[in-house]
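This report sets out the computed structural features of one protein model.

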Amino acid sequence: MLNKVCVLTIKVEDMEKALEFYTKVLDFEVSKHYGENIVSLVHNEIPIVLEKSDEENTSVSQKVLLGILSEDIDEDVDRLRQKGAKVLFDESRPCPPGRYNVVEDPFGNQLELVEFSNFK
């Protein structure tokens, strides 16, 4: 079932400026750096991730991406395609916690499916 939110990703153009805001203004703490482009923040509930992205690859209307937990991403992606959902990638892609893919709702909002395979 794809009904559990597991991560909230915030797309940013400037990681240094984002870290300054989220840590100095909002008082979040950095949990972990995944290279230069992905930083997770300490949060007791749903993890919050800052992800540096190019302006050309970031939708003007969507800077926050909801991550939905998938126990078996291949099975879930196949099922979503059978139901007519628009899945963005032919193959799920690697990410620090495992693999992910993106599905769009009828309004063009993107939802990230995340499988935590690197922690099993």
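## Strand pairing

Strand β2 (residues 30–33) is joined to β3 by 3 bridges, and the two run antiparallel. Strands here are DSSP runs of E with at least two residues, helices are runs of H or I with at least four residues, and both are numbered from the N terminus. Two strands count as paired if DSSP finds at least two bridges between them. Val-30 has Leu-41 as its bridge partner in β3. The hairpin of β2 and β3 has 4 residues between the strands, and in it Gly-35 takes a positive phi near 80°.

Strand β3 also pairs with β4, again in the antiparallel sense, over 4 bridges. Here Ile-38 stands opposite Glu-51 in β4. The hairpin formed by β3 and β4 has 6 residues between the strands.

## Basis of the values

The model is predicted: local features need pLDDT of at least 70, side-chain atom pairs count only at pLDDT 80 or more, and totals for chains, interfaces and linings use all residues. Residues are numbered from 1 along each chain as its sequence is written, and side-chain values use heavy atoms, with hydrogens and water left out.

## Helix α1

The residues Met-15, Ala-18, Leu-19 and Tyr-22 of α1 are buried, where buried means under 20% relative accessible area, exposed over 50% and partly exposed in between (1.4 Å probe, protein chains only). These residues lie on the same side of α1 because they cover an arc of only 95° around the axis; the arc is that of the directions from the helix axis to the C-beta atoms. The other side of α1 carries the exposed residues Glu-16, Lys-17, Lys-24 and Val-25.

Through its buried residues, α1 packs against β1, β2, β3 and β4. Contact in this report means heavy atoms within 4.5 Å.

## Nonpolar cores

A nonpolar core is a set of buried Ala, Val, Leu, Ile, Met, Phe, Trp, Tyr and Cys residues joined through side-chain atoms within 4.5 Å. The largest one has 10 residues: Ile-10, Val-12, Met-15, Ala-18, Leu-19, Tyr-22, Val-39, Leu-41, Ile-48 and Leu-50. At least two residues of this core come from each of β1 (5–12), α1 (15–25), β3 (38–41) and β4 (48–52). Helix α1 gives the largest share, 4 residues.

Ala-18 touches Val-12 and Leu-50, leaving out residues up to four places away in sequence.

## Helix α2

In helix α2 (residues 73–82), the buried residues are Ile-73, Asp-76, Val-77 and Leu-80. Their arc around the axis is only 100°, so they sit on the same side of α2. Exposed residues Glu-75 and Gln-82 are carried on the face turned away from the buried side of α2.

The packing partners of the buried α2 residues are β6, β8 and β9 (110–115).

## Aromatic rings

Rings of Phe, Tyr and Trp (its six-membered ring) pair if their centres lie within 6.5 Å; planes under 30 degrees apart count as stacked, over 60 as edge-to-face and the rest as tilted. The count by this rule is 3 aromatic pairs. Phe-21 and Tyr-22 form an edge-to-face pair, 5.1 Å centre to centre with 90° between the planes. Phe-21 counts as partly exposed because its relative accessibility is 37%, whereas Tyr-22, at 16%, counts as buried. Phe-21, Tyr-22 and Phe-28 form one aromatic cluster.

Phe-89 and Tyr-100 are also edge-to-face, with 5.8 Å between centres and 90° between the planes. This pair links distant parts of the chain, 11 residues apart: Phe-89 lies in the loop between β6 (86–87) and β7 (93–95), and Tyr-100 in strand β8 (residues 98–104). Phe-89 is buried at 15% relative accessibility, and Tyr-100 is buried with a relative accessible area of 18%. Arg-93 lies over the face of Phe-89, at 3.6 Å from the ring centre; a charge sits over a ring if NZ of Lys or CZ of Arg is within 6 Å of the ring centre and within 35 degrees of the ring normal.

## The segment after β9

Asn-118 has its place in the segment after β9. Apart from neighbours within four places in sequence, Asn-118 is in contact with Cys-95, Pro-96, Pro-97 and Gly-98. Asn-118 and Arg-79 are 39 residues apart in sequence, and their C-alpha atoms are 23 Å apart in space.
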